Amino acid sequence: MNRKIYINGQYFDRENAKISVFDHGLLYGDGVFEGMRIYSGNVFRLQQHLERLWESARAIALTIPMSIEQLTDDVNATVKENGLTDGYIRLIVTRGAGPLGLDPFRCVDPQVIIIADKITLYPESHYTEGLKLVTASTIRNHPAALSPRIKSLNYLNNIMAKIEGLNAGCIEAVMLNHKGEVAECTGDNIFLIKNGVLTTPPIDAGILEGITRNAVLELAVAAGIETRQAPMTRHDIYVADECFLTGSAAEVIPAVQIDNRNIGDGKPGPVTLQLNEAFRKLVHQS
């Protein structure tokens with residue numbers, strides 16, 4: 001199907017969806033974005049995604065040229081325009097076109113782009129058998145340099161770690177922060193289960209506060225599973241009973257090996273499977 005791409009209130013065929021080569025989003029990664037899932041025709045936790053988008057934009061002094069209510073309507077309209085009941089949305093706001101040079105205040109006309117399509121991040125076998133991970137030598141951005149809580153168009157930090165993972169034969173890689181603690185993976189948040197307790201790194205570990213991450217924490221609490229947001233090291237992964245990753249594109253996916261070491265018995269564990277099932281029920285009820 002020929003998808004319709006939304007740009008500033010108009011729809012374009014894929015081959016005609018274009019922005020200026022002078023846009024600072026392209027030239028410098030100057031912009032913000034969100035990735036969202038569509039389930040049964042509804043965008044999962046759309047308002048939370050948009051609130052995070054607005055926070056990211058405010059953090060880089062970028063004014064989104066419409067209200068959050070208008071963008072809500074436009075996202076839903078784009079889903080309908082493309083006839084999607086299940087899929088993925090990439091929502092992008094760029095700084096806009098300007099002269100060569102870093103000055104963002106010389107840019108005009110920020111571009112609001114909505115892409116709605118299908119996505120398959122990992123093969124289905126990885127959801128049943130689990131992912132293999134590797135620890136990347138590329139650390140997560142230092143929060144004093146660029147806050148990982150900003151979901152910006154500059155993803156080179158993550159991409160460099162992703163390359164390390166792929167070169168090691170792993171689709172995903174664990175990134176440490178500047179203190180040597182576990183932060184997150186290149187595109188997903190990470191969870192561990194040890195002795196029935198669910199643990200994930202806290203916000204100040206240098207992570208993006210994931211929408212799916214927060215949903216899983218809520219589901220765990222509702223299921224009576226003890227949860228903690230606490231610093232963790234590679235040692236904690238090595239000795240964990242279970243491990244899984246979360247993200248809008250990834251959803252909930254088990255990880256069964258890191259650095260050529262099995263996590264637990266090397267198979268998806270019962271708490272992981274329980275939360276994965278609860279998450280699938282949640283998204284189709286929303």
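Which residues have the most contacts inside the largest nonpolar core? In this predicted model, that core has 24 residues, and Val-43, Leu-53, Leu-71, Val-75, Ile-89 and Leu-91 are those with the most contacts inside it. Two or more residues of the core are given by each of strand 3 (31-39), helix 2 (46-59), helix 3 (68-81), strand 5 (87-94) and strand 6 (112-117). Helix 2 supplies the largest share, four residues. A second, separate core has 20 residues, among them Tyr-122, Tyr-127, Val-182 and Cys-243.

The surroundings of Leu-71 were examined next. When its neighbours within four places in sequence are left aside, Leu-71 is in contact with Leu-50, Leu-53 and Trp-54, with Met-66, and with Leu-91, Val-112 and Ile-114. Of these, Leu-53 and Leu-91 are also listed with Leu-71 among the residues with the most contacts inside the largest core.

Helix 3 was then considered as a whole. Helix 3 has 14 residues, and the distance from its first C-alpha to its last is 20 Å, close to the 20 Å expected at 1.5 Å a residue. The buried residues in this helix include Leu-71, Thr-72, Asp-74, Val-75, Thr-78 and Val-79. These residues lie on the same side of helix 3 because they cover an arc of only 170° around the axis. Glu-69 and Lys-80, on the other side of helix 3, are exposed. After helix 3 comes Gly-83, which has a positive phi, near 60°.

Conventions:
Residues numbered from 1 in each chain as written. Predicted model: local features only at pLDDT ≥ 70, side-chain atom pairs only at ≥ 80, totals over all residues. Heavy atoms only, no water. Core = buried A, V, L, I, M, F, W, Y, C linked by side-chain atoms within 4.5 Å. Buried < 20%, exposed > 50% of the residue type's maximum accessible area, 1.4 Å probe, protein only. Contact = heavy atoms within 4.5 Å. Expected span 1.5 Å × (residues − 1). Arc of directions from axis to C-beta.
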